[in-house]
Amino acid sequence: MLKPFRFLVFLLLLPLLALPAAAQSDPRDLINELSQGKLRQRIAQVEAIAATGNSDVVPALQALKDGDLYFKKSDKTVYITRKSGRDLALLDPITGEEIEVVASGAVEKIKVNNSLRRLIDKAVGGLTLMSKDPSVRISAAETIFESGDPESLELLDEAIAAEQDPTVRKKMDLARAAVILNTDASDETKIEAVDLVAENGGRNVLNLLKGVTFNASPAVAEAANKAVEQIERTLVLWDYGQTIWYGVSLGSVLLLAAIGLAVTFGVMGVINMAHGEMVMLGAYTTFVVQEIIRNSFPELFNYSLLIALPLAFAVSGGCGLILERGVIRFLYGRPLETLLATWGVSLILQQGVRTIFGPTNKEVGNPDWMSGAYEIGGLVITANRLWIVVFSLFVFAALFVVLKKTPFGLQMRAVTQNRKMASSMGIRTPWVDAFTFALGSGIAGIAGVALSQISNVSPNLGQSYIIDSFMVVVFGGVGNLWGTLIGAMTLGVANKFLEPFAGAVLAKILILVFIILFIQKRPRGLFALKGRAVEA
Amino acid sequence: MSILTGKAKTLGLAAIAAAMMTTVATAQEDTIKVGILHSLSGTMAISETTLKDVMLMLIEEQNEKGGLLGKKLEAVVVDPASDWPLFAEKARELIDVDQVAAVFGCWTSVSRKSVLPVFEELNSILFYPVQYEGEESQRNVFYTGAAPNQQAIPAVDYLFDVEGVERWVLAGTDYVYPRTTNKILEAYLKDKGVAEEDIMINYTPFGHSDWQTIVSDIKAFGSEGKKTAVVSTINGDANVPFYKELGNQGIEATDIPVVAFSVGEEELAGLDTAPLVGHLAAWNYFQSVDTPENAEFIETWKAFTGPDRVTNDPMEAHYIGFNMWVKAVEMAGTTDTDAVIDALVGVSVPNLTGGYSAMMPNHHITKPVLIGEIQEDGQFDVVDSTDGLVPGDAWSDFLPDSAKLISDWRKPLECGNFNVETATCGGKGS
């Protein structure tokens, strides 16, 4: 009688005995627990997983951070997932082997929030310090540097002792210094750490050192303060460089928007209110090209902008040609009517696009080579801005060559300088007008391709650039390409230097006031055309 | 016999003719007209067109259920073209010419302010579905969007409690909603003991597209050794370049989270959201909310418009507002403005997040507040929500000259800005 009873007790106790043991030996159970409980309990769960000290759990934690960790609704087991067509492939959370493919309805995502993501970063940093791959060790050291978690000091010391690679070691030393600042180490050790951190300079160090000034002993705080001051002094210089870069980048956007107008308004004298819509058409062409590429030739995505450029030129240029032949040629010499007619056309184009594509923003993706940023010293240069600066200068140069070195450019200049004389020399002036206008519109179209990368593609895209474009052309001097370039860059840089002091709204107003005053003094802009063309 | 048949024939014909006459008459008279006042062209078309569509869908659904008071509903759509004075004109046209029973419309605060006098003068009803700055309570207007205490304050609380934020950037577009909201938030933060130098306030013009300086300023402000967050009231089109710049300059949500009050599913549709995962938004509704009501609503919406269309918070507000109006008209048994206004207070209808929203005496409604994180698919994951429903507060408790005002449109008070200190009706906002 006694035996079976004992056995029963043993059976009852078994799970109680087995659970803690299993939890320590097998991280899989801990990972499976993530499917239970609410977001608030998850911090404890992740801490428990990290406490195993087992680097096998790293893929699961990373997947949790990236939102790729799901659990099956049927048995609550946890898997890493990967997209597989419309379904999800389930991978083992530890080995990464593919187990099965299920419909996305059969699994549920495990939610994360920012504090969990930070916790995971910290945990993964500690777990990957001994990884074989040096780049993984570097990023581990960097996450520890950012978190400054005192608990990782031991791990870090071990890793430093074992480290052979000098660059990785330097990063680890830096991380160690950051950690020491968060412990109760003696003042001397801390001051040493401050010096080590300060040597590295830069904005990210500043954050750490300023934190130290709040809660450390006076001696350490003083050392930190000194370091902060020094870093800030060098940063001021970099800041000037950064502001100039921002200005150049804004200038290049203005240049792109205005350069087509410099042809239609500057050279031909047509007040074209539909210029912004030509830019918009270029942006929508990019969108259509990307849609087709996404659906049919996804491998070409990184070239989508190059493919869109000639098409955008053709679409906007074609529209410009129709607009000139259909409307503007009847209105030469009547600026007010031209203004109203082209404004009407701009509204028609806007509403047309709205009807076809809908009123919402369209997503135009950045190709890989246009995402991210480069850091040069204290400068942060974002890739898309850099490419836009390069591109705008290229467009400027190309237009310059067309105007100065090609027969068409020669005819164009002849017609604008003296229409009657050009006509009597056998130039078909109406067609030169039409193609000049088409050229200006086409350039607006390729500007649209570039602007789709930084702005949103919506029917209102053009409106936000039209005022700026006129401002640049008028300021730079009507009819002068160099004026447009210098004008755009000056306005860009001036705007960016004003912005930190005056705020974005006031900076814009100040620039407008400045231009109004400037035009009073020099009505023909920075670089006024001289000679007969002006009087004509 | 033949005479009889002849007589019967004429009688029958007359009867048919009479019947036809009456059907024609019912088609002309026996519909209840509902006005829809949303911009379908111009800058605001991006947001407001969707609301026109959702109203058409709700009206169609109601008609399939048999209409209202035995009559069919008829939508009257006008286009105020994002032009504020035109809003007032079109509102007048809807009420005077089309004789609509109620109007659903407006998005920006300035458009609402421009139609207020029209609704007051002609005594009609407006349902306003967008989150706004508060500091207003009108007899003819029912505010189904969030007041600041139903969106901004809970979002800031979340940043305080869960993210442990100590430094605050309040960034907004330069107009009345961000300015008032930031004034309330600034007072609230100072109440909580945040120092003056830990708050940075920044305004940008409408449609601002060059965010380089401001984003790097935010980055610098965030590297002062304290946890920093951005509270964004940036409106409409300016959001896309703002988020793109954040992504490009490498500001991640784990470093400096941005919580936005004007960014919903619609706005994210034009963005690659992969670099934005973890940034936050506070609303009273997200498309991802998992309730049977919401699933049904999304299904009808997709069938009505298209499979790629998303739903968002102001759409839910119209859903609630429309159902409240239907219920109030049924209770009052008439579409007479005064009767419906009286019947509306206290009406309670299901919302899409699994609860009931009620219309309060101050013409605001009760709503749950949800905090959502942006996901890679352009949707939000709810990471936090208030425990119960939050009643909308017309007059903020954190602005000294508003704290003493209450609003109660029931008899006998019937006042939108009653000063509890002086016990008089009037003062601010009148």
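Let's start inside the protein: the largest nonpolar core has 72 residues, and those touching the most other members are A:L256, A:L323, A:I388, A:V395, A:L399 and A:L491. Such a core is a set of buried Ala, Val, Leu, Ile, Met, Phe, Trp, Tyr and Cys residues joined through side-chain atoms within 4.5 Å, where buried means under 20% relative accessible area (1.4 Å probe, protein chains only). Helix α11 (residues 218-267) of chain A gives the most to this core, with 11 residues. A second, separate core of 62 residues includes B:I32, B:M57, B:F87 and B:A328.

This is a predicted model, in which local features need pLDDT of at least 70 and side-chain atom pairs count only at pLDDT 80 or more, while totals for chains, interfaces and linings use all residues. Residues are numbered from 1 along each chain as its sequence is written, chains are lettered from A in the order in which they are written, and side-chain values use heavy atoms, with hydrogens and water left out.

Now look at A:L491. Beyond its neighbours within four places in sequence, A:L491 is in contact (heavy atoms within 4.5 Å) with A:L254, A:M471, A:V472, A:F475, A:I511 and A:I515.

An unreviewed UniProt entry lists "transmembrane region" for several stretches of chain A, including residues 244-271 and 434-454; such annotations may be inferred rather than shown by experiment. Residues 244-271 of chain A are 86% helix and 0% strand, with end C-alpha atoms 32 Å apart. Helices here are DSSP runs (H or I, at least four residues), and strands likewise (E, at least two).

Finally, turn to chain B, where 3 strands form an open antiparallel sheet in the order β17-β18-β19. β17 (405-408) and β19 (424-425) of chain B each have a single partner strand, so one side of each is left without a neighbour in the sheet. β17(B) pairs with β18 (residues 415-419) of chain B over 3 bridges; pairing requires that DSSP finds at least two bridges between two strands.

Technical notes: Buried < 20%, exposed > 50% of the residue type's maximum accessible area, 1.4 Å probe, protein only.
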